[in-house]
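Here are some exercises to work through with the model open in your viewer. Try each task before you read its solution.

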Amino acid sequence: MNSYFYVFLISMVPLIELRGAIPVAYVVKAANPDFNLLTAYILIAIGNMLPVPIIYFFARKVLIWGKDKPVIGGFFTFCLEKGEKGGQKLKEKAGRGLFVALMLFVGIPLPGTGAWTGTLAASILDMDFKSSILAVICGVALAGCIIGVLCSLGLGAYIGVTA
C-alpha cells in the first residue's frame with residue numbers, strides 16, 4: 001500500500017508529474033511482483049489531475065493579485081504577460097483547434113509540458129473549464145501511454161531522469 005501512495009504523491013509534484021511517477025512504478029514492480037501496474041496507473045492519473053481544478057480557478061487570480069506587490073510583482077507581471085502573449089499566439093495558430101493543441105501540449109512528455117503548465121495556460125487563455133479539463137485529461141492519458149510504452153521498452157530510467 002505504501003508504494004501506491006508513494007507513486008500517487010510523486011504524480012502530484014510539479015514538473016515531475018505522471019512522467020516521473022510511471023517509471024518509479026515500473027521500478028517498484030521490478031522489486032515487488034505483486035505490485036499492480038494498472039492500479040498504479042489509475043492512482044498516478046488521479047494524482048496528476050487532482051491539482052488541475054485548483055490551478056485553473058486560482059492561478060490567474062493569484063498572479064493578478066500579486067502583480068502589484070513589492071517583492072513578487074515583477075515576476076507575477078512577467079508570468080501574466082508571457083502567458084497572455086503566448087496564449088494569444090497559440091489561439092491564432094490553433095484557431096478552433098485549441099482543444100487539440102492543449103491536449104497535445106499536455107500529452108507529449110517533454111520537460112515543462114504537463115497538466116500543471118497546460119492548465120495554467122488554459123486559465124490564462126480563459127478557455128472554457130470543461131473543455132480545458134477534458135483536454136488535460138486526454139493529454140494526461142496520452143502521456144501515460146507514451147511513458148508506459150517507453151518504460152516497457154526499458155527506457156523508463158532515462159525518462160524519469162529527464163522529465
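Buried means under 20% relative accessible area, exposed over 50%, and partly exposed in between (1.4 Å probe, protein chains only). This is a predicted model, where local features need pLDDT of at least 70, side-chain atom pairs count only at pLDDT 80 or more, and totals for chains, interfaces and linings use all residues. Residues are numbered from 1 along each chain as its sequence is written, and side-chain values use heavy atoms, with hydrogens and water left out.

**Exercise 1. Helix H8**

Task: find the buried residues of H8, and check the span of H8 against 1.5 Å a residue.

Solution. 
Step 1: get the helix limits. Helices (H or I, at least four residues) and strands (E, at least two) are DSSP runs, numbered from the N terminus. H8 runs over 129-152.
Step 2: pick out the buried positions. They are Ser132, Ile133, Ala135, Val136, Gly139, Val140, Ala143, Gly144, Ile147, Gly148 and Cys151.
Step 3: check the span. The expected value is 1.5 Å times one less than the number of residues. For the 24 residues of H8 that should give 34 Å, and the end C-alpha atoms are 34 Å apart, so the two agree.
Step 4: zoom in on Ser132, which is buried at a relative accessible area of 2%. Leaving aside neighbours within four places in sequence, Ser132 is in contact (heavy atoms within 4.5 Å) with Tyr56, Leu102, Ala122 and Met127.
Step 5: look just past the helix end. Gly154 has a positive phi there, about 90 degrees.

**Exercise 2. Helix H3**

Task: work out which helices the buried residues of H3 pack against, and what caps the N-terminal end of H3.

Solution. 
Step 1: size up the helix. H3 has 13 residues, and its first and last C-alpha atoms are 18 Å apart, close to the 18 Å expected at 1.5 Å a residue.
Step 2: list the buried residues: Leu37, Ala40, Ile44, Gly47, Asn48 and Met49.
Step 3: find their partners. These buried residues pack against H1, H2, H4, H7 and H8.
Step 4: inspect the start. Asn36 is the N-terminal cap, with a side-chain oxygen 2.8 Å from the backbone nitrogen of Leu38. That is a polar contact (a pair of N or O atoms within 3.5 Å; within protein, one must be able to donate a hydrogen and the other to accept it, and residues adjacent in sequence count only if both atoms are side-chain atoms).

**Exercise 3. Ser11**

Task: is Ser11 buried or exposed, and which residues does Ser11 touch?

Solution. 
Step 1: locate Ser11 in the loop between H1 and H2.
Step 2: read the accessibility. Ser11 comes out at 0%, so it counts as buried.
Step 3: follow the polar atoms. The Ser11 side chain gets to the backbone oxygen of Phe8 at 2.6 Å, and a polar atom of that side chain sits 3.4 Å from the backbone nitrogen of Asn48.
Step 4: collect the contacts. Skipping residues up to four places away in sequence, Ser11 touches Glu17, Leu18, Ala21, Leu43, Ile44, Gly47 and Asn48.
Step 5: take a look at Glu17, a member of H2. Glu17 is buried at 3%, and its phi is near 45 degrees, a positive value in a residue other than glycine.

**Exercise 4. Salt bridges**

Task: how many salt bridges does the structure hold, and which parts does the Arg60 and Asp126 pair tie together?

Solution. 
Step 1: A salt bridge is a side-chain nitrogen of Lys or Arg within 4 Å of a carboxyl oxygen of Asp or Glu. Side chains of opposite charge can pair when their charged atoms come close.
Step 2: count. There are two salt bridges.
Step 3: take Arg60 with Asp126, whose closest N and O atoms are 3.0 Å apart. Arg60 is in H4 and Asp126 in the loop between H7 and H8, so the pair ties together parts that are 66 residues apart in sequence.
Step 4: check Asp126 itself. Asp126 is exposed at 56%, with a positive phi near 60 degrees.
Step 5: turn to Asp68 and Lys69, which meet at 3.5 Å, N to O. Asp68 is exposed at 60%, while Lys69 is partly exposed at 28%.
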